[in-house]
Amino acid sequence: MVYENVIVETKGHVGLITLNRPKALNALSSALVAELGQALDAFEADDEIGAIVITGSEKAFAAGADIKEMSAKSFTDCYLGNFITKGWEAVTKVRKPVIAAVAGFALGGGCEVAMMCDFILAGDNAKFGQPEITLGIIPGAGGTQRLTRFVGKSKAMEMVLTGRLIDATEAERCGLVSRVVPTAELLDEALKVAERIASMGRVATLAAKECVNKAYETTLAEGVQFERRLFHALFATEDQKEGMAAFAEKRQPNFKNR
């Protein structure tokens with residue numbers, strides 16, 4: 001497939017998607033969002049791919065939704081067209097682990113897409129924010145919900161009501177990002193982490209992701225019960241036998257994703 005708004009590459013067992021609208025700071029147009037979904041679907045269907053990295057440029061991961069594209073929309077246009085619904089949740093539908101490698105601005109929809117990923121690695125120049133209030137609107141791709149779950153009500157409320165941006169250090173301190181690395185090393189580090197994830201047994205990896213995500217949707221007791229059943233189920237896999245045998249034999253496991 002030929003892509004115009006993203007660059008799609010394979011790096012070993014890792015799928016790399018680079019948002020590529022440099023003149024618009026990777027603003028999330030409908031065309032870009034559609035191509036992002038198509039690229040994710042392709043990597044999800046590829047048995048050779050074990051993890052996915054989404055990144056942008058050094059200047060911007062994504063500076064938000066495309067304001068020029070949406071400024072003339074009416075309520076009826078948004079409501080009947082289900083604006084910022086179709087395609088925008090594609091990242092959340094992927095079963096394989098997805099890492100956001102964020103340098104520069106991740107604002108509005110860009111911050112929301114990063115939060116849809118399983119975790120965020122940030123370059124030391126990264127800036128995060130939900131500045132929609134300055135446009136007379138609010139976040140529409142889950143920003144009020146995911147940001148609150150990541151950083152807590154007080155900081156999320158301040159960011160959403162004022163549009164204040166936070167830097168990478170503050171983002172790590174409040175739990176929005178998992179780690180901050182030098183911007184020049186960001187992509188290499190993200191690919192290294194993704195390759196490590198891809199080297200694990202696929203069944204266990206998908207189960208682990210599913211369990212962690214379940215923690216946001218259930219009570220503690222229900223989540224632990226869900227986790228335990230998947231833990232039990234993994235003892236039916238060949239990878240469990242291989243992993244434990246390798247440990248006992250002091251060698252690296254050779255997982256077969258079965």
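**Labels and cut-offs**

Tutor: There are 12 salt bridges in the structure. The model is predicted, so local features need pLDDT of at least 70 and side-chain atom pairs count only at pLDDT 80 or more, while totals for chains, interfaces and linings use all residues. Residues are numbered from 1 along each chain as its sequence is written, and side-chain values use heavy atoms, with hydrogens and water left out.

Student: What makes Asp66 and Arg21 a salt bridge?

Tutor: The term needs a side-chain nitrogen of Lys or Arg within 4 Å of a carboxyl oxygen of Asp or Glu. In this pair the closest N and O atoms are 3.0 Å apart. The label therefore holds.

Student: Why is it said that this pair ties parts together?

Tutor: Asp66 is in the loop between β4 and α2 (67-70), Arg21 in the loop between β2 and α1, so the linked parts are 45 residues apart in sequence. Helices (H or I, at least four residues) and strands (E, at least two) are DSSP runs, numbered from the N terminus.

Student: Is Asp66 buried or exposed?

Tutor: Buried means under 20% relative accessible area, exposed over 50%, partly exposed in between (1.4 Å probe, protein chains only). Asp66 has 13%, so it is buried. Arg21 has 21% and is therefore partly exposed.

Student: Why does Ser29 count as buried?

Tutor: Its relative accessibility is 6%, so it counts as buried. Ser29 sits in the loop between β2 (14-19) and α1 (30-45). Leaving out residues up to four places away in sequence, Ser29 touches Arg21, Asp66 and Glu69. Contact here means heavy atoms within 4.5 Å.

Student: What makes Asp118 and Lys209 a link between distant parts of the chain?

Tutor: Their side chains meet in a salt bridge at 2.9 Å, N to O. Asp118 is in the loop between α5 and β7, Lys209 in helix α10, 91 residues apart. Asp118, at 29%, counts as partly exposed. Lys209, at 13%, is buried.

Student: How do you know that α10 and α11 are roughly antiparallel?

Tutor: The axes of α10 (residues 202-214) and α11 (residues 220-233) cross at roughly 170° and come within 9 Å. Angles under 35 degrees count as roughly parallel, over 145 as roughly antiparallel, 65 to 115 as roughly perpendicular and the rest as oblique. The two helices are therefore roughly antiparallel. Axes are lines fitted to C-alpha atoms, for helices over the stretch in contact, and angles run from 0 to 180 degrees between N-to-C directions.

Student: Why are β4 and β9 called edges?

Tutor: The open sheet has four strands in the order β4-β6-β8-β9, with mixed pairing. β4 (60-62) and β9 (166-167) each have a single partner strand, so one side of each is left without a neighbour in the sheet. Strands pair if DSSP finds at least two bridges between them.

Student: What makes β6 and β8 a pair?

Tutor: Three bridges join β6 (residues 105-107) and β8 (residues 127-129) in the parallel sense. Phe105 stands opposite Lys127 in β8. Helix α5 (residues 109-116) packs on this sheet, touching β4, β6 and β8, and its direction makes about 90° with that of β6.

Student: Why is α5 called largely enclosed?

Tutor: Eight of its eight residues are buried, so the rest of the structure largely encloses α5. Among them are Gly109, Val113 and Met116.
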